[in-house]
Amino acid sequence: MNGTDGTGTATGPDDSVLLRTEGRAAYLTLNRPRAINALTHTMVRRIDEALTAWEHDEAVETVVLTGAGERGLCAGGDIRAIHDDARDGDGRAAAGFWRDEYRLNARISHYPKPYVAVMDGIVMGGGVGVSAHGGVRIVTERSKVAMPETGIGFVPDVGGTHLLAGAPGELGTHLALTGAVVGAADALLCGLADHFVPSPSLPPLLDGLAHAPVREVLGRYARPAPPGGLADARHWIDACYRADTVEEIVERLLDHGDSAAKEAAETLLTRSPTSLKVTLAALRRARRLGSLEDALNQEYRVSCRALAVPDLVEGIRAQVVDKDRDPRWSPATLAEVTDADVERFFAPLGEHELGLAGPDATSWEGPR
């Protein structure tokens, strides 16, 4: 980390992550509001350094994650940098970013002090990775949570397959394949968050964490979330997404009769066929793997393999670079993506494996 000024606020040439301490709490603010706080490699390293310092600081009892600006906590990773490396480089920069990012995701999951993530506004992709593995995850009426990777020719990562594999029924499969955005109640239902706090209550909540234990502060401000929509959709989601192949899932959705099911099918048919098939396989395998670390190891293999196929560069080009929203997937249809094509994404990386193992120490069990 860089130094701090007299108020405990971090100083230095890079202000993409702001750090400060007050009372019993340390505050970590993602600070690229014009990019909805999209994560760079520098930010990942800076977060990790801060967590190391605060873990050994007896004065820090709680760590709090927020995002600067009005739009959200974090829109994901810096996919423009990944696009440029995959297109023009050798992929090492992207792989190095993912290696440090995934290790950070695992660390957050087992952080020995309360880690409070304020998931206000947009929380997608890498934003889910730095928040939804925390011990205390707060959503608001403004929360928009998603893993939208299949829309850019990629696959849910940052431990997303582990999180979504644990959602009730086939809700996780629906969210992983479609990239659907969910609000507070549905994030709570799917196990992506723990508490609902109305956004006007965030300032006093954040202030309160500097002076009182997490559980006490949550007791003042947590409320029941407004109703969501996924619980009532379980009848068609579970029936359609339990199929063994993406082709059969699409067929069931089209045949179901529910208009929302048909809309989901139409969404799937706009996504990368390769990404859909690899995502379904990754999610089903994550259910069997069980641990976050094993899921992250698998995701690292998949992410690195994605650098070598055309859909990742093409998807980011269409959605973020040129913004024509008209990706030309290759292969273009589900039928053209073979089982062998999918299997290649899961092949071992040899000496380049992520190699995460479970923590040696017992993880923290909830807010104090």
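## The largest cavity

By class, 10 nonpolar residues line the largest cavity, with no polar and no charged ones. Here Ala, Val, Leu, Ile, Met, Phe, Trp, Tyr, Cys and Pro count as nonpolar, Asp, Glu, Lys and Arg as charged, and the others, Gly among them, as polar. This is a predicted model, where local features need pLDDT of at least 70 and side-chain atom pairs count only at pLDDT 80 or more, while totals for chains, interfaces and linings use all residues. Residues are numbered from 1 along each chain as its sequence is written, and side-chain values use heavy atoms, leaving out hydrogens and water.

So who's in that lining? The residues are V128, V145, A146, M147, L164, L175, A176, A180, V182 and L192. At least two of the lining residues come from each of β8 (144-146) and α6 (171-178); helices (H or I, at least four residues) and strands (E, at least two) are DSSP runs, numbered from the N terminus. The space inside is about 70 Å³.

## The second largest cavity

Searching the whole structure turns up two cavities of 30 Å³ or more. A cavity is a set of points, on a 1 Å grid over the protein atoms alone, where a 1.4 Å probe fits but cannot get out, and its lining residues have an atom within 4 Å of a point. Grid points are joined across faces, edges and corners, and a volume is the space filled by probe spheres set on the points.

The second largest cavity comes in at about 50 Å³.

## D120 in its loop

D120 sits in the loop between β5 (115-119) and β6 (122-124). Is D120 buried or exposed? With a relative accessible area of 14%, D120 is buried, as buried means under 20%, exposed over 50% and partly exposed in between (1.4 Å probe, protein chains only).

Leaving aside neighbours within four places in sequence, D120 touches G72, L73, I138, T140, R142, S143, S199 and L202. Contact means heavy atoms within 4.5 Å.

## Where α10 meets α11

Helix α10 (residues 230-241) packs against helix α11 (residues 246-256) at about 145 degrees, their axes 8 Å apart. Axes are lines fitted to C-alpha atoms, for helices over the stretch in contact, and angles run from 0 to 180 degrees between N-to-C directions.

On the α10 side, H235, W236, A239, C240 and Y241 meet I249, R252, L253 and H256 of α11. That contact has six nonpolar, two polar and one charged residues.

Definitions and conventions
On a 1 Å grid over the protein atoms alone, a cavity is a set of points where a 1.4 Å probe fits but cannot get out, and a pocket is an open set with protein on both sides within 12 Å along at least five of seven lines; lining residues have an atom within 4 Å of a point.
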